[in-house]
Amino acid sequence: MSGHQVVLNINGSTVEGSVDPRLTLADFIRDQAGLTGTKLGCEHGVCGACTVLVNGEAVRSCLMFAVQASGTEVTTVEGFASNGDLHPLQQAFADKHGLQCGFCTPGMLISSYAFLKENRSPTEDEIRVALSGNICRCTGYQGIVDAVQHAVETDAAAVPLGESSGSPSAHNAKR
Amino acid sequence: MAVAESRKTKWVGSRVKRVEDPRYLTGAARYVADIALPRTMHAVFVRSPHAYANIRGIDKSVLGDLADSVKVFTGKDVAHEGEAGSQSPGGGVSPLRGRFGLQGLLRTTQHVIAPKTVRFVGEAVAVVVAENAYVADDAAERLSAGVDYEVLRPVVDIEEAIGDGAPVLTDDLSSNVVFQSKETHGDVDKAFKDAYRTYSARFHHNRYGAAPMEARGVLAQYDPAYGTLTVWSSTQMPHLLRSLIAVHLNFPEPRVRVIAPEVGGGFGLKMACCPEELVTPFLSLKLGRPVRWIEDRRDHLMCASQAKEQLIDIEFAVAEDGELLGAKGVFIGDGGAYSDAAILEPVCAAKALTGPYRLDIYEEEIIQGLSNKPPIAAYRGVGWTASNTVREVLFEEIARDLGIDVLEFRRKNLINSDEFPYTSCTNQVYDSGTYHESLEQVAEAVKYDEFRAEQERLRKEGRYIGIGFSSYVEGTAWGSDASAQSGMPESSHDNSTVTMDPSGKVTVAVSVSSHGQGHETSFAQVAADELGVNVEDVAILHGDTASTPYGLGTYASRSAVIAGATITRAASDVREHLFRVAGKMLEVDPDDLEIGDGRISVVGASDRSKAISEVAYAAYWSHKDREDESLPTSTRFYDPPCTYSNGCIAVLVEVDAETGTVKLERIVAVEDCGTLINPLIVDGQVQGAIAQGVGGAMFEELVYNADGQPLSTTYMDYLVPTATDLPAIEVAHLESPSPLSVGGYKGMGEGGQIAAPAAMVNAVMDALAPFGAKTRDLPLKPDYVLKLINGGAASANGASE
């Protein structure tokens with residue numbers, strides 16, 4: 001792919017590329033930046049699995065072209081944790097069983113974070129509305145809603161991304 | 001009978017947080033599409049736009065300037081027409097002919113790419129391979145225009161398909177009926193003759209699907225240097241897929257390795273195997289390069305296997321007091337274009353109709369037909385969802401008609417706890433359970449009597465609230481026994497290997513395969529209890545045929561029972577081994593030793609002990625103390641007995657009679673899966689299954705027009721529940737350990753989807769009881785609900801009472 005130079009800041013690192021105009025931001029993040037945490041669930045903007053932050057706003061990266069995102073700051077799920085220690089929002093999902101197969105989880109985290117930045121004390125109904133653009137097929141949403149409520153209690157959105165709550169996480173990511 | 005094998009537990013039964021979560025939460029988990037191999041090529045399938053057509057020819061010149069950038073394989077290039085195994089390696093892929101040995105089942109021939117005839121919209125006619133996915137998409141689109149079809153008249157409606165004069169889908173057969181059977185239990189005629197009343201109805205159970213968040217995907221790498229074929233697939237059954245690749249490609253099985261990396265949901269859809277899982281390895285073999293195929297959502301909703309469509313004629317005979325006297329059921333499966341796994345749907349439905357009720361007089365008839373739609377296959381609660389739905393819905397109609405409360409009706413007919421083991425007339429052997437208790441607990445949780453008073457009060461204000469119940473049993477632990485009881489006798493095979501490593505930590509390799517169920521946590525809990533270590537000291541290996549023993553993977557709520565038993569038994573062998581080594585070290589009889597909290601100690605003299613790590617080290621390295629014949633490792637086989645979980649679900653709704661919209665107010669579930677390993681994980685499974693059941697009852701439908709064209713190929717058209725569609729889902733547990741399985745474990749995971757649709761429908765019908773509404777079709781979309789409000793019984797094809 002070639003033609004258009006783009007420069008993005010993704011999770012604090014500069015990523016450059018020469019791309020076709022039709023390359024989606026999602027494919028740029030996954031294939032050119034090598035950050036495969038962002039998932040593709042439908043590629044028509046409904047399921048929300050590919051949600052990332054573009055200049056702080058939650059965006060479906062399957063509906064945006066990489067060229068449109070040039071010059072922006074993008075945050076993906078890989079930008080949440082710090083040296084393996086989970087961000088408090090991530091920890092809330094682990095504590096409340098807010099995930100099963102994990103495929104919708106990156107989008108859920110991003111959407112939740114963007115929402116909690118705007119609304120620090122939401123009701124359960126407001127949480128459900130905020131997450132209604134992200135489909136989960138495993139949990140029935142109960143664990144996810146519980147996790148976001150838990151994150152409200154711990155004011156997880158007050159902790160900048162890339163920082164943990166201070167306590168080491170219960171488990172290290174490994175396989 | 002082996003309950004005594006279980007030991008006191010520190011971990012089993014605890015809400016242990018999942019050890020696998022951090023990698024998912026940090027985006028580090030790798031699914032098929034996340035695996036990058038050098039020089040990988042991308043495959044895109046060219047798919048038929050017609051439901052039934054012959055392929056006259058494929059003109060590759062339409063590729064134009066893309067011709068040099070891509071490789072094209074048509075059905076003629078890929079399909080091996082002869083018997084499996086008669087081709088040379090690389091000489092083609094033999095067709096899928098179905099694996100089920102059910103007597104009397106006629107088998108169709110499904111080529112992995114159609115060489116001559118296509119039988120549903122979306123069936124592959126060619127595959128295009130390119131250096132990059134965008135170019136492969138371009139080329140596939142161009143090539144679509146180069147396929148010349150002779151369009152045939154499709155048969156889309158199942159009644160037409162199995163009737164006289166319909167076009168027959170395949171030359172192999174003389175009609176579209178591939179299976180038919182009728183079985184009578186007891187004197188059905190007498191039961192119906194003597195009945196106080198009889199009720200009959202025809203239901204159309206909707207066609208819908210699993211739609212996991214990760215669609216299907218395969219990456220295959222043929223390595224000529226080693227003669228090996230490594231296949232990463234989003235599968236639930238890596239070992240069976242390996243065997244099938246070996247058979248269908250005629251490639252040596254020991255040189256095939258299948259890896260299920262992270263799998264983003266399966267729900268039965270990803271049971272081996274789909275055509276693409278055979279074509280992709282074949283392409284790698286032909287091209288000598290890694291090839292990957294990642295399904296997009298449109299293809300998924302168009303041509304991945306679909307589920308659950310049936311026409312069901314049901315009749316019940318009852319006494320004046322509501323006692324069930326007899327039943328008749330005709331289960332007409334709309335199997336789609338090929339016969340492989342579709343037969344599971346009507347067979348499982350017919351066998352399970354009597355559910356948790358005392359109902360010994362029953363006539364069951366099964367008719368399995370073909371139609372020009374994608375093949376039906378497994379999806380959570382195969383067959384059981386449909387039969388539970390029609391039974392529970394008709395029961396509440398009957399109760400209302402007899403003037404008996406819906407709970408009283410069930411109380412009269414549910415099997416009592418002192419009747420276990422109870423063998424149903426269809427030979428389902430219910431091992432233990434809490435059929436009454438779960439109903440009562442749900443009724444109490446929803447404050448049933450108060451609800452009825454409130455309902456009456458609100459009706460006077462023109463508001464319609466309703467409550468619906470659904471009781472269920474769930475046949476679990478799918479092995480030879482469960483499959484025989486379900487009417488689909490097949491043999492089963494599974495193992496786990498438990499190894500004490502020299503460090504004193506434990507490696508467990510299992511034949512079952514996780515796709516989101518948290519196996520690494522639950523199974524570590526079982527092993528940790530058996531070997532006196534902590535959960536974090538246990539590593540669970542799964543999903544890779546190179547590192548795990550043979551077995552059938554994960555489906556049909558089998559894994560907890562199978563892995564629970566095999567791990568318990570293999571760990572017990574390892575424990576005995578360690579006791580023999582420690583006995584030498586401590587100079588005591590091994591029978592006088594116990595294990596726990598990281599140590600092996602003399603019973604009654606805990607000061608005389610060794611750390612497990614010391615004993616493990618000695619078991620490998622001490623000439624004096626180790627065993628001469630073996631390592632501290634054991635592999636155990638288990639073909640489980642069928643165990644029956646049970647439960648009851650209640651749904652509370654309010655229906656807007658002006659618009660037909662339904663507001664879900666509350667969902668309450670009480671489930672019993674025997675010994676709980678991890679209640680946190682069980683909660684999640686119940687909630688997720690209920691959500692899928694609500695989806696099937698309220699929103700989800702794979703719609704086809706009269707030409708067989710799919711009308712629901714995006715998530716804008718195929719609606720799955722979102723967070724605002726569902727209320728909080730309250731789950732409580734009862735525990736009646738199975739007397740048959742090791743540890744008393746029963747499987748779970750499907751009950752929510754089996755039972756929730758009926759609870760949902762019953763709640764809406766209860767709300768609309770003043771209108772005499774009766775559901776005969778699903779899902780309950782607002783326009784259908786309005787019809788029910790305005791016309792009373794809106795029947796599927798003139799069903800009557």
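# Two chains, question by question

Biologist: How many bridges join strand 7 of chain B to strand 15 of chain B?
Modeller: Strand 15 covers residues 362–369 of chain B and runs antiparallel to strand 7 of chain B. Helices (H or I, at least four residues) and strands (E, at least two) are DSSP runs, numbered from the N terminus, and two strands pair if DSSP finds at least two bridges between them. For strand 7 and strand 15 of chain B, the number of bridges is eight.

Biologist: Before we go on, where does residue numbering begin, and what pLDDT do side-chain atom pairs need to count?
Modeller: Residues are numbered from 1 along each chain as its sequence is written, while chains are lettered from A and ligands numbered from 1 in the order in which they are written. This is a predicted model, in which totals for chains, interfaces and linings use all residues, local features need pLDDT of at least 70, and side-chain atom pairs count only at pLDDT 80 or more.

Biologist: Which residues of helix 20 of chain B are buried?
Modeller: A residue is buried if 20 or more other C-beta atoms lie within 10 Å of its own, exposed if 12 or fewer, and partly exposed in between, with C-beta atoms placed from the backbone. Asp783(B), Asn790(B) and Gly791(B) are exposed on the other side of helix 20. Strand 26 (643–655), strand 27 (662–672) and helix 19 (751–767) of chain B are among what covers the buried residues. In helix 20 (residues 782–791), those buried residues are Val785(B), Leu788(B) and Ile789(B).

Biologist: What share of the residues in chain B is buried?
Modeller: Chain B has 20 helices and 28 strands. Its C-alpha trace spans about 85 × 70 × 50 Å along the principal axes. Of the 801 residues in chain B, the buried share is 60%.

Biologist: And which helix of chain A gives the most to the side that touches chain B?
Modeller: The contact (C-beta atoms, placed from the backbone, within 7 Å) takes 48 residues from chain A and 44 residues from chain B. Helix 2 (88–95), helix 3 (105–118), helix 4 (124–130) and helix 5 (142–153) of chain A each supply at least two residues. With four residues, the one that gives the most is helix 2 of chain A.

Biologist: In what sequence do the elements of chain A run from the N terminus on?
Modeller: Chain A has five helices and five strands. Its C-alpha atoms fill a box of roughly 50 × 35 × 30 Å along the principal axes, and buried residues make up 58% of its 175 residues. From the N terminus on, the elements of chain A run β-β-α-β-β-β-α-α-α-α.

How values were computed. Two residues are in contact if their C-beta atoms, placed from the backbone, lie within 7 Å.
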